[in-house]
Each structure stands twice: as C-alpha cells, then as structure tokens.
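Biologist: I have a fold on the screen and would like to learn how to read it. Can we go through it feature by feature?

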Amino acid sequence: MLIRPLSLDDTPALTAILSDAEVMKYSVRGACDEAATSTFIKWCLSCYESHSIGPLALIDKESKELIGFCGVGPESVGGTEEMNLGYRLARRYWGLGLATESVRAVLAYAFNKRAFKSVVVIIEPEHIASLRVAKKAGFSSFQSKKFHEREVRVYRMPRDQWDTLHNNTLQGTSR
C-alpha cells in the first residue's frame, strides 16, 4: 500500500467508497455523494495547508487504485481542537490488516515528524472493527462522550505513550 495526499482528481474513486452505506455506517455524516466527497477532499487540502497533515489517500501498490484514506486532522471535541485520527477503506479491503498498517504509519508521522502532543480517535462502541484497529495501534483508555448526538468513545494517545510503545516494539524485535 502507498500513502499520498488526496487530490480533487480522487473524487470519483473516493465517492465510490464513501457512498457505500456499509463503509459509512458509523460516520456522523453518513454515506457521501460526489459533492460531499469533493467537500471532504477540499477540507483535506486545507488541512495540508494549515496543519501540514490531514487524511491521506491509500493506494494499492499493484493496481494503483485508491482503496481508502487514513490520516490525522483537526476536529472540535468538546469545544477543544484535537488532532483526530480517521480512516475508511473500501469493503473489499476489510480484514487484510491494511487499516492497522495505515494507522500505525500515520501515527508514526504525527508523533515523530509533526511532534503532536496527543492524537484522539472517536469510535462508536458498536464499531467492533475500529475498536480492534485502535487497540492494535496502542490506544487503550477512553472517555465516553456525546459527539454529534452519538454516544462515542474518545481514545487519546499521548506522545509519551506512543514513545513507550514504539521503544518497546523496537526492543522486542532486537532480541
């Protein structure tokens, strides 16, 4: 899998993914049409400009096909701007470990290159697959909150937790 910035040229391919009701079942915005997808990509482009980070395109190495997105972008949570992790994959790529792989890469960039103090991920308790991805990435503690009128879990990973997990992983592989 390759990761690169999204562009407006990605609108048709991303619309095909984000218009799938099953993919968007746990999205506060629901399934997206082409206009909503274009608005999302424009927001991503503005995040690249304002924060030097944002949701990124996930590309299949062999087919060069856009298969989803993953990234960190600003989100207002309880009146405070947080760096929020978000990801979506086309259904045919579910269960292959790609979400976990992309989340780890994005978190490494957010903490190691951008030096964020923390990253949050907002997940509905019923979204078992996303809970698994978050756990595999190292998110552990959460607060229950209302977000866009939905009951969610807001997981936070402080930088020191990332550093501890990253260092333990490196030490574990060197023995």
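This is a predicted model: local features need pLDDT of at least 70, side-chain atom pairs count only at pLDDT 80 or more; totals for chains, interfaces and linings use all residues.

Biologist: In which sense do β2 and β3 pair?

Modeller: The pairing of β2 and β3 is antiparallel, over 4 bridges. Leucine 56 stands opposite cysteine 70 in β3. Isoleucine 59 has leucine 66 of β3 as its bridge partner. The two strands make a hairpin with 6 residues between them, and lysine 64 in that hairpin has a positive phi near 65 degrees.

Biologist: Over how many bridges do β3 and β4 pair?

Modeller: β3 and β4 share 10 bridges, in the antiparallel sense. Proline 74 stands opposite methionine 83 in β4. This hairpin has 2 residues between the strands, and glycine 78 in the turn takes a positive phi of about 60 degrees.

Biologist: Now the whole sheet. What is the strand order?

Modeller: The order is β1-β2-β3-β4-β5-β7-β6. That makes an open sheet of 7 strands, with mixed pairing. β1 (2–5) and β6 are the edge strands, since each pairs on one side only. From one strand to the next, the twist averages 30 degrees.

Biologist: Why is β3 described as largely enclosed by the rest of the structure?

Modeller: Count the buried residues. Buried means under 20% relative accessible area. In β3, 11 of the 12 residues are buried, so the strand is largely enclosed by the rest of the structure.

Biologist: Which strands does α1 lie across?

Modeller: α1 lies across β3 and β4, and runs at about 80 degrees to β3. Another helix, α4, packs on the sheet and touches β4, β5 and β7. The direction of α4 makes about 160 degrees with that of β5.

Biologist: How far apart are leucine 14 and alanine 90, in sequence and in space?

Modeller: They are 76 residues apart in sequence, and 8.9 Å apart in space, C-alpha to C-alpha.

Biologist: Let us turn to backbone angles. What is the phi of histidine 148?

Modeller: Histidine 148 has a phi near 50 degrees, a positive value in a residue other than glycine. Its place is in the loop between β6 (142–147) and β7. With 48% relative accessibility, histidine 148 counts as partly exposed.

Biologist: And where is glutamate 149?

Modeller: Glutamate 149 sits in the loop between β6 and β7. Its phi is positive too, about 65 degrees, although glutamate 149 is not a glycine. Glutamate 149 is exposed, with a relative accessible area of 70%.

Biologist: Last topic: pockets. How does one find empty space in a model?

Modeller: Rolling a probe the size of a water molecule over the atoms shows where empty space is left. Here, the largest pocket has a volume of about 1,200 Å³.

Biologist: Which residues lie nearest the centre of the largest pocket?

Modeller: Gly86, Tyr87, Arg88, His127 and Ser130 lie nearest its centre, out of 48 lining residues. The elements giving two or more residues to the lining are α2 (34–51), β3 (66–77), β4 (80–89), α3 (98–113), β5 (118–123), α4 (128–137) and β7 (150–158).

Conventions: Residues are numbered from 1 along each chain as its sequence is written. Side-chain values use heavy atoms; hydrogens and water are left out. On a 1 Å grid over the protein atoms alone, a cavity is a set of points where a 1.4 Å probe fits but cannot get out, and a pocket is an open set with protein on both sides within 12 Å along at least five of seven lines; lining residues have an atom within 4 Å of a point. Grid points are joined across faces, edges and corners, and a volume is the space filled by probe spheres set on the points. Buried means under 20% relative accessible area, exposed over 50%, partly exposed in between (1.4 Å probe, protein chains only). Two strands pair if DSSP finds at least two bridges between them. Axes are lines fitted to C-alpha atoms, for helices over the stretch in contact, and angles run from 0 to 180 degrees between N-to-C directions. Contact means heavy atoms within 4.5 Å.
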